[in-house]
Amino acid sequence: MKLAAIVGTNATHSYNRRLLKYMQRHFAELAKIEILEINQLPLFQKDLPQEQQSKVWDFKQAIKQADGVIFSSPEYDHSIPAALKSAIEWLSYHCELLDNKPVMIVGASYGPQGSARAQEHLRQILASPDLNAAVLSGNEFLLGNVATVFNEAGELTDKPAATELEKYFTNFVSFAKLLNQRSPQAALAAVKQPLISEAFVQFPTGKLSLQQIQQIFSTMPFEVDFIDETDHFSWFSDKADRVHVRSVSSLGETVQECHPPLAVPTVEKIITSFKSGEKDLVERCMTLQGHKVLIRYYAVRDVNGHYLGTMEFTGNVDHLYDLFKNGSFEQTDTTTGASQKIEQSVEAESADTTTSATPTVETEVVKLDESTPATDATSGASQHQEE
């Protein structure tokens with residue numbers, strides 16, 4: 001199980017941060033806990049320019065990918081810190097990241113009450129309609145007198161408190177597992193079957209069952225992703241060893257929501273060119289994690305030419321590149337049948353094998369250097385190239 005733990009203050013020294021680090025070590029066998037800081041987040045502002053929201057986007061992605069969230073908050077003036085309230089605003093504006101997400105609340109303070117008022121206020125905030133978090137009730141961990149309960153190694157020396165925390169955390173793990181198992185997407189992912197496995201689709205060129213369709217996409221050497229005509233990420237192929245790892249938690253997000261802010265203008269440009277009819281294909285060649293990767297974006301249109309969405313093909317082409325370098329490709333003379341080794345540039349145009357016509361699709365080849373982050377246009381996965 002993967003959990004995100006939010007340090008509910010932007011203070012440099014924080015016992016709530018120390019509490020979360022203790023939980024991260026102590027409960028390592030039960031869950032992988034990623035500690036998230038809010039001190040780098042900009043103050044919530046509805047009209048903050050997109051290019052200034054990179055830290056916000058990273059913060060949201062960590063919450064989205066977690067099976068549950070832990071909030072650890074101090075108490076300032078009988079409430080939570082302003083920085084934490086601002087961070088929570090980012091999680092509710094134009095997104096539903098905490099909707100029905102399992103949440104545990106803990107808190108540490110210098111006083112004997114252990115942030116009791118702040119925790120009660122935080123529960124009220126998380127229960128608001130725009131957040132609708134599934135907060136574990138009846139498990140209030142209130143750690144008081146924090147200046148005396150941690151040793152130099154960061155271990156919790158208050159044995160009754162440590163025992164209580166173990167009980168509450170075990171309850172939360174069970175609670176989170178139960179909620180995640182109830183998710184329709186989780187149920188489908190577990191059996192790896194379409195919802196209606198007996199149904200089939202009759203194409204003009206043949207008939208396939210839903211199960212066959214799914215397994216064809218899973219078996220293809222290229223992974224496929226799709227953004228619909230309303231600019232929402234709606235589907236991805238369940239292929240093993242994907243170059244761009246996808247999550248069902250991203251489904252339904254807009255192009256702006258599922259992309260790093262700095263990548264949004266590029267993605268919007270590609271999709272706009274497809275919608276306008278200016279282009280039908282954009283191609284990008286890049287190196288990701290030491291592998292040569294080919295990404296092709298296609299405008300998907302119906303038989304009348306109406307735009308239906310953007311499809312992305314992504315694949316590791318190391319094998320094909322090596323075959324070409326080793327001279328494995330042969331060119332057959334159509335008049336004599338003789339085979340000749342291809343001696344031409346990798347970037348040479350390809351001819352139609354039936355008509356010998358050269359395709360006229362408009363392509364844009366983008367070769368990225370090793371300092372440029374490569375971003376795909378469907379789900380927003382961004383990776384820095386490595387040597």
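## Overall make-up

The protein chain of this predicted model contains 9 helices and 18 strands. Of its 387 residues, 41% are buried.

In soluble globular proteins, nonpolar side chains tend to be buried together. In this chain the largest nonpolar core has 32 residues, and the residues with the most contacts inside this core are I6, I63, F71, L98 and L126. Two or more residues of the core are given by each of the elements β1 (2–7), α2 (54–65), β3 (68–72), α3 (82–90), β4 (102–108) and α4 (116–126). The largest share, 5 residues, comes from α3.

Leaving aside the neighbours within four places in sequence, I63 is in contact with A4, I6, L36, V69, L91, L97, L98 and K101. There is also a second, separate core, which has 29 residues and includes V7, M23, I33 and M104.

## The crossing of α1 and α5

Two packed helices are described by the angle between their axes and the distance between the axes. For helix α1 (residues 15–26) and helix α5 (residues 159–181), the axes come within 12 Å and cross at roughly 65 degrees. Because angles of 65 to 115 degrees count as roughly perpendicular, α1 is described as roughly perpendicular to α5. The crossing of these two helices is right-handed.

On the side of α1, the contact is made by L19, Y22, M23 and H26, while α5 contributes A162, L165, E166 and F169. Sorted by class, the contact of α1 with α5 has 6 nonpolar, 1 polar and 1 charged residues. One of the α1 residues in this contact, M23, is also included in the second core.

Is S218 buried or exposed? This residue lies in helix α7, which covers residues 210–219. S218 has a relative accessible area of 18%, and since buried means under 20% relative accessible area, S218 counts as buried. Apart from its neighbours within four places in sequence, S218 is in contact with D238 and K239.

Terms used. Residues numbered from 1 in each chain as written. Predicted model: local features only at pLDDT ≥ 70, side-chain atom pairs only at ≥ 80, totals over all residues. Heavy atoms only, no water. Core = buried A, V, L, I, M, F, W, Y, C linked by side-chain atoms within 4.5 Å. Buried < 20%, exposed > 50% of the residue type's maximum accessible area, 1.4 Å probe, protein only. Helix = DSSP H or I, 4+ residues; strand = E, 2+ residues; numbered from the N terminus. Contact = heavy atoms within 4.5 Å. Axes fitted to C-alpha atoms, helices over the stretch in contact; angles between N-to-C directions. Parallel < 35°, antiparallel > 145°, perpendicular 65-115°, else oblique. Left-handed = near helix turned anticlockwise from the far one by under 90°. Nonpolar A, V, L, I, M, F, W, Y, C, P; charged D, E, K, R; others polar.
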